[in-house]
Amino acid sequence: MKQTEFLHVVMPFKDKLYRLAKRLLVSREEAEDATQEVLMKLWSRKESMGEYKSIEAFAMTMTKNFCLDRLKSKQAGNLKLVHSNYTDDTNSLQGQLEAEDSVAWMERIIKDLPEQQKMVLQLRDVEQYEFEEICELLDMKPTAVRVTLSRARKTVREELIKKHNYGII
Amino acid sequence: MELYDIESLLEKYFEGTTSVAEEKELGEYFQGDDVATHLLRYKPIFDYFSMAKQERYTKQVPLKPRTYGNIYKWISVAAAVVLTFGIYFGKQYQDRKQLEREQAEYAYRQTMMAFDLLAENFDRGREKVAYLKEFEQAKQKIYNNN
């Protein structure tokens with residue numbers, strides 16, 4: 001497979017990889033690194049790419065696994081945790097300054113969701129994948145996907161209403 | 001779309017039972033201008049998701065570096081260099097060995113020649129000594145006669 005051909009295959013979904021990585025890793029730089037890493041792994045396996053049913057699904061699964069590994073090693077090392085605390089602080093500062101900005105609130109609410117809920121919400125409400133595709137990507141049963149999605153959406157709603165009642169938005 | 005339909009869709013949405021098409025409908029409704037006031041509080045959700053879709057990966061896709069083909073290429077270059085040097089120095093070593101052997105052979109031949117010369121002269125000396133023996137015998141005869 002030639003480079004241009006590869007880019008042509010990868011182009012339509014590279015943004016999806018990046019958005020999923022950013023949803024999980026939060027920081028833009030780390031998400032960019034993760035996307036780059038996944039694309040390069042994909043390129044090194046370009047010879048066997050024909051064997052996969054859907055290259056997009058394969059790449060999304062790779063991204064998910066890569067980011068979850070990253071998060072795991074992040075929890076192991078304290079240094080990185082300090083870093084994420086730091087970004088959290090600036091976010092809340094920003095949040096106070098831009099109290100009107102409901103988008104920032106949404107970002108923060110989703111950030112506090114468990115990983116599994118984040119991923120389901122991202123794949124469904126942002127990327128608009130069908131349930132079967134999400135099942136395959138996350139290795140979950142359809143009912144589990146539905147329950148997780150419902151839980152995530154309800155948490156978002158509750159948090160949003162809470163903020164609304166406090167008069168922040 | 002009827003307000004009632006939107007409300008029931010929203011309910012389904014939070015149960016996780018809406019289809020992708022229905023969710024698109026909801027998104028379009030909340031992106032519109034005439035959202036019912038009691039539903040306005042849900043607007044941030046759909047605003048956020050439609051905005052999140054816009055995010056792009058803007059970095060260049062780096063394919064050239066760190067591919068394995070390159071490593072093999074450099075290994076082959078290194079091997080060629082090693083081979084050339086090996087042949088060059090190997091030849092020098094062989095030549096030196098050859099010269100040493102030839103020198104040793106020359107020395108051997110010279111030594112043998114010297115030995116031959118010595119042996120020849122030695123033989124000649126022995127012949128002369130044989131005369132001496134003759135002389136001795138004659139002398140003994142004379143002594144014995146006395």
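Colleague: Is the crossing of α2(A) and α7(A) left-handed or right-handed?
Modeller: This is a predicted model, in which local features need pLDDT of at least 70, side-chain atom pairs count only at pLDDT 80 or more, and totals for chains, interfaces and linings use all residues. Residues are numbered from 1 along each chain as its sequence is written, while chains are lettered from A and ligands numbered from 1 in the order in which they are written. A crossing is left-handed if the near helix is turned anticlockwise from the far one by less than a right angle, and right-handed if clockwise. For α2(A) and α7(A), the crossing is right-handed.

Colleague: Thanks! Are α2(A) and α7(A) roughly parallel or roughly antiparallel?
Modeller: Their axes (lines fitted to C-alpha atoms, for helices over the stretch in contact) are 10 Å apart, and the angle is about 150° on a scale from 0 to 180 degrees between N-to-C directions. Angles under 35 degrees count as roughly parallel, over 145 as roughly antiparallel, 65 to 115 as roughly perpendicular and the rest as oblique. Therefore α2(A) and α7(A) are roughly antiparallel.

Colleague: Which residues of α7(A) make the contact with α2(A)?
Modeller: Two residues are in contact if their C-beta atoms, placed from the backbone, lie within 7 Å. The α2(A) side consists of Arg19(A), Leu20(A), Arg23(A) and Leu24(A). Facing them from α7(A) are Glu115(A), Lys118(A), Gln122(A) and Val126(A).

Colleague: How many helices are there in chain A?
Modeller: Helices (H or I, at least four residues) and strands (E, at least two) are DSSP runs, numbered from the N terminus. Along the sequence the pattern reads α-α-α-α-α-α-α-α-α. Chain A has 0 strands, and its helices number 9.

Colleague: Val26(A) has a positive phi; is this residue buried or partly exposed?
Modeller: Val26(A) is in the loop between α2 (14-25) and α3 (28-44), and its phi is near 70° although the residue is not glycine. A residue is buried if 20 or more other C-beta atoms lie within 10 Å of its own, exposed if 12 or fewer, and partly exposed in between, with C-beta atoms placed from the backbone. Because Val26(A) has 18 other C-beta atoms within 10 Å, it is partly exposed.

Colleague: Which element gives the largest share of the side of chain B that touches chain A?
Modeller: In this interface, 25 residues of chain B are in contact with 33 residues of chain A. The elements of chain B giving two or more residues to that side are α1 (3-15) and α3 (43-52). The largest share, 7 residues, comes from α3(B).
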